[in-house]
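Please read it alongside the sequence and the coordinates.

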Amino acid sequence: MNNHLDEFRDPLLASEMAGKLKAFRCRPCNIMEVCGTHTVSISRYGIRGMLPEGIRLVSGPGCPVCVTPVGYIDAAVQLAQIPDVILTTFGDLMRVPGTSTALLKEKALGRDIRVVLSPLDSVKIAAENPCKKVVFLSVGFETTVPVSALSVMNAESSGIHNYYLLSANKTMPAVLETLASDSEANVDGYLYPGHVSAITGTGFYEKLADKLGTPGVVAGFEPLDILYAVMKLLEFISEGKAEVFNQYSRIVRKEGNAAALEVMNSVFEPCRSYWRGIGEIEGSGLKLREKYRHFDAWQQYGISCGSLSEPAGCMCGPILKGTKKPSDCALFDKVCTPENPVGACMVSSEGTCAAYHKYGGI
């Protein structure tokens, strides 16, 4: 073995486990992988082709770029067009289409838009450009929100007053409860996100299982992780058990990451938020607390999230709910490609359409 990950990619073990999975007998059911990284791994390793007949793996709203509405991109473009603004962002947002343009096109027109690896880089840019206003496009789930919170705390303690967040941050619990209650989604079990769970812990999943009777497994991202997690879920479903199992115990603890949660909760508070294709969900977003509201670009510039409509023909919404596959969309791999994306699901590296385009639907 060359490294730790090789243990979870062992081809002999994977073949043995795939054989057991293929032979498993369970009623027809839908298993939703919530995390976009799971979607990529499932596509990359051909795991859908290893499932028993009648068992479907469907993708969920686990790509933060994908669930960010068109209106947020329009608001970001509006900020980028202000002469004294430097816009900073993670790379995935650059090509997401807004109503009429995208950040990459605006950068080509001369707007000062910079890709950063961390919001902490944006605080440094603000310190180096005191005559400019630096706005970080804060899009993400619990995995990245603590660092956005830390960037605000660092700016505050350093006396940097030209740094702002345009927050579209979201949290998982409320959207999972919404999907679990949605008869159209028809989810029988969940592969819960490993990265998010490392921060949040597993307590909420246990409450959800008790409330709605839907089992789940917190899973890692390697092929053996996913194969074992799917097998465990099928056992729960076939036995009628609404239980939660932590397969990713090498990373995830029941209590989560207390330090990260404390930083996140000290800077942000829950708010109502719009999820692309799913709608508004109470308590599913995060806004800056009153103490830090002077870092809020929404408030500073008096802008709002504009259009919530999807591009004509785009099926990102149903795909994010797991009710459609990319191949069901007439635009997929024809009009909509990674080079010319119509919807966000084809842009992000974690997007379902991008994964299906790169690896195929099996």
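The model is predicted: local features need pLDDT of at least 70, side-chain atom pairs count only at pLDDT 80 or more, and totals for chains, interfaces and linings use all residues. Residues are numbered from 1 along each chain as its sequence is written, and side-chain values use heavy atoms, with hydrogens and water left out.

Helices (H or I, at least four residues) and strands (E, at least two) are DSSP runs, numbered from the N terminus. Two strands pair if DSSP finds at least two bridges between them. Contact means heavy atoms within 4.5 Å. Axes are lines fitted to C-alpha atoms, for helices over the stretch in contact, and angles run from 0 to 180 degrees between N-to-C directions.

**The four-stranded sheet**

- Parallel pairing links 4 strands into an open sheet with the order β4-β3-β5-β6.
- The edges are formed by β4 (113–115) and β6 (163–167); each has a single partner strand, so one side of each is left without a neighbour in the sheet.
- On average, and with direction ignored, neighbouring strands of this sheet are turned by 25° against each other.
- Strand β5 (residues 133–138) runs parallel to β6 and is joined to it by 5 bridges.
- Within this pairing, Phe-136 has Leu-165 of β6 as its bridge partner, and Leu-137 has Leu-166 of β6.
- Strand β6 is mostly covered, with 5 of its 5 residues buried.
- Tyr-163, Leu-165 and Ser-167 point one way from β6, whereas Tyr-164 and Leu-166 point the other way, and all are buried.
- Helix α3 (residues 70–80) lies across β3 (85–89), β4, β5 and β6, and runs at about 155° to β6.
- Helix α6 (residues 145–157) also packs on the sheet, where it touches β5 and β6; its direction makes about 155° with that of β6.

**The five-stranded sheet**

- A further open sheet has 5 strands in the order β2-β1-β7-β8-β9, with parallel pairing.
- Its edge strands, β2 (55–59) and β9 (244–246), each pair on one side only.
- Neighbouring strands here are turned by 20° against each other on average, direction ignored.
- Helix α10 lies across β1, β2, β7, β8 and β9, running at about 155° to β7.

**Helix against helix**

- Helix α7 (residues 172–180) and helix α9 (residues 203–212) have axes that come within 11 Å and cross at roughly 20°.
- The two helices α7 and α9 are therefore roughly parallel to each other, a class that takes in angles under 35 degrees, while those over 145 count as roughly antiparallel, 65 to 115 as roughly perpendicular and the rest as oblique.
- Pro-173, Leu-176, Glu-177 and Ala-180 of α7 make the contact with Phe-204, Tyr-205, Leu-208, Lys-211 and Leu-212 of α9.

**Salt bridges**

- The whole structure holds 19 salt bridges, each being a side-chain nitrogen of Lys or Arg within 4 Å of a carboxyl oxygen of Asp or Glu.
- Arg-9 and Glu-222 meet through their side chains in a salt bridge (2.4 Å, N to O).
- Arg-9 lies in the segment before α1 (11–23) and Glu-222 in the loop between β8 (216–218) and α10 (223–239), so this pair ties together parts that are 213 residues apart in sequence.
- Arg-9 is partly exposed, at a relative accessible area of 35%, whereas Glu-222 is buried, at 9%.
- Glu-16 and Lys-20 form a salt bridge (3.6 Å, N to O); being 4 residues apart in helix α1, they are separated by about one helical turn.
- Glu-282 and Arg-272 form a salt bridge (2.8 Å, N to O).
- Glu-282 lies in strand β11 (residues 279–288) and Arg-272 in strand β10 (residues 268–275), so the pair ties together parts that are 10 residues apart in sequence.
- Arg-272 counts as partly exposed, at 44% relative accessibility.

How values were computed: Buried < 20%, exposed > 50% of the residue type's maximum accessible area, 1.4 Å probe, protein only.
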